[in-house]
Amino acid sequence: TIRAAAAKADAWGSVRIEATIGATTWRTSLFPSKAHGGWLLPLKAAVRKAEKIAEGSMVEAVLALT
């Protein structure tokens, strides 16, 4: 689980993952968010462009811990 991986997280508390949205897969990190009570997945501009994701869009992402 993400919580178990967070126990071994880096100094920022981030957890290394592989993310897939549509046909785009990349390696990144999830970042803890106290404000949202969960985790944030940053989306690079290249991913947003490739998958035609606009601000406010709902997307489905597949995450795998690495």
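Tutor: The residue to look at is S33, which lies in strand β2. Strands here are DSSP runs of E with at least two residues, while helices are runs of H or I with at least four residues, both numbered from the N terminus. The model is predicted, so local features need pLDDT of at least 70 and side-chain atom pairs count only at pLDDT 80 or more, whereas totals for chains, interfaces and linings use all residues. Residues are numbered from 1 along each chain as its sequence is written, and side-chain values use heavy atoms, with hydrogens and water left out.

S33 has a relative accessible area of 10% and is therefore buried (buried means under 20% relative accessible area, exposed over 50%, and partly exposed in between, with a 1.4 Å probe and protein chains only). The side chain of S33 makes a polar contact of 2.9 Å with the side chain of H36. A polar contact is a pair of N or O atoms within 3.5 Å; within protein, one must be able to donate a hydrogen and the other to accept it, and residues adjacent in sequence count only if both atoms are side-chain atoms. With neighbours within four places in sequence set aside, S33 is in contact with G38, W39 and L40, contact meaning heavy atoms within 4.5 Å.

The C-alpha atoms of I2 and W39 are 9.0 Å apart, although 37 residues separate them along the chain. Residues up to four places away in sequence not counted, I2 touches V15, L30, W39 and L65. I2 counts as partly exposed because its relative accessibility is 27%.

V15 and L30 belong to the largest nonpolar core, whose eight residues also include I17, A19, I21, W26, V47 and I53. Such a core is a set of buried Ala, Val, Leu, Ile, Met, Phe, Trp, Tyr and Cys residues joined through side-chain atoms within 4.5 Å. Strands β1 (15-21) and β2 (24-33) each supply at least two residues of this core, and β1 gives the most, with four. V47 is in contact with T24, W26 and I53, leaving aside its neighbours within four places in sequence.

As for the whole protein chain, two helices and four strands follow the pattern α-β-β-β-α-β along the sequence. Buried residues make up 21% of its 66 residues.
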